[in-house]
Amino acid sequence: MTFEDKNSSYYVTARHVIEGMRRKGIQEVFVRLNTKSQQSEWLSSELANWVHHPDHTVDVSVLCAGLLPHHDHVSLGTSFFAVQSTFEENEAGPGDEMIITGLFKHHTGDSRNIPIVRVGNLAAMNEVTVTTQIGQIDAYLAEVRSIGGLSGSPAFLNLGVTRRIGGKVKQATSDMIFLLGLVHGHYDEFLSRQDQVSLDDDLSPSRINTGIAIIVPSEKIMEAIQHAEALKA
């Protein structure tokens with residue numbers, strides 16, 4: 001996914017995706033972009049140019065790179081990020097609808113990316129940290145069928161066209177879809193019934209997907225972008 005901050009654009013993914021490439025000795029990262037001619041092309045980047053969030057427990061990595069006019073993609077501004085005031089002003093929280101868009105690794109598309117959309121709901125706020133393979137992290141929980149390959153995918157909060165706020169039904173006066181964050185992974189349960197957490201691309205037949213996805217808050221993406229901007233200064 002791509003975001004705009006001031007005069008820069010950034011590609012964003014999960015940090016563990018980039019770190020997984022580094023451990024395999026990969027030094028060049030490719031991003032496949034759809035074009036308006038119904039084809040696709042590859043953006044090449046050096047792995048060293050991807051900037052991690054300064055906190056190692058935040059699963060976010062960003063690359064400063066833009067989109068060209070012939071690319072069939074949209075770059076979101078940071079005004080779309082769901083922050084604390086978004087929840088307070090709209091009385092939003094657990095139960096609200098959310099959407100995850102990503103690439104289904106079993107059906108990626110031969111000539112261009114074929115994205116999928118998965119719908120669920122926000123299950124828990126980030127009031128306490130979540131235990132994962134990389135430690136205790138700040139994250140939302142979402143009731144949505146997370147699958148292998150969705151790591152780093154954007155998760156959107158859909159607050160609808162009408163809401164009951166302050167006891168009154170109000171009509172939306174602006175776009176009510178916000179970026180909740182990005183997919184870190186999901187809760188797995190071993191057949192022995194022992195709770196575990198795995199990354200999206202860490203699957204085995206001995207695990208059962210519980211349907212609870214772990215979402216890194218959009219505010220952490222903002223922090224990673226600000227960190228990358230500071231490094232350029």
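Asn113 is buried, with a relative accessible area of 13%. Buried here means under 20%, so Asn113 falls within that class. The model behind this value is predicted.

Where does Asn113 sit? Asn113 lies in the loop between β8 and β9, and β9 covers residues 115–124. Its contacts include residues from another part of the sequence. Leu33 is 80 residues away along the chain, but its C-alpha atom and that of Asn113 are separated by 7.4 Å. Asn113 touches Leu33, and also Arg32, Asn34, Leu103 and Thr108, leaving aside residues up to four places away in sequence. With Arg32 there is a polar contact: the Asn113 side chain reaches the backbone oxygen of Arg32 at 2.8 Å.

Now turn to the nonpolar cores. The largest has 19 residues. Phe87, Met98, Ile100, Leu180 and Ile215 have the most contacts inside it. Which of them gives the most? That is β16, with three residues.

Not counting residues up to four places away in sequence, Ile100 touches Ile116, Val117, Arg118, Val144, Leu150, Ser153, Pro154, Ala155, Val183 and Ile215. One of these, Ile215, is itself among the residues with the most contacts inside the core.

Note on methods. Residues numbered from 1 in each chain as written. Predicted model: local features only at pLDDT ≥ 70, side-chain atom pairs only at ≥ 80, totals over all residues. Heavy atoms only, no water. Core = buried A, V, L, I, M, F, W, Y, C linked by side-chain atoms within 4.5 Å. Buried < 20%, exposed > 50% of the residue type's maximum accessible area, 1.4 Å probe, protein only. Helix = DSSP H or I, 4+ residues; strand = E, 2+ residues; numbered from the N terminus. Contact = heavy atoms within 4.5 Å. Polar contact = N/O pair within 3.5 Å; in protein donor to acceptor, adjacent residues only side chain to side chain.
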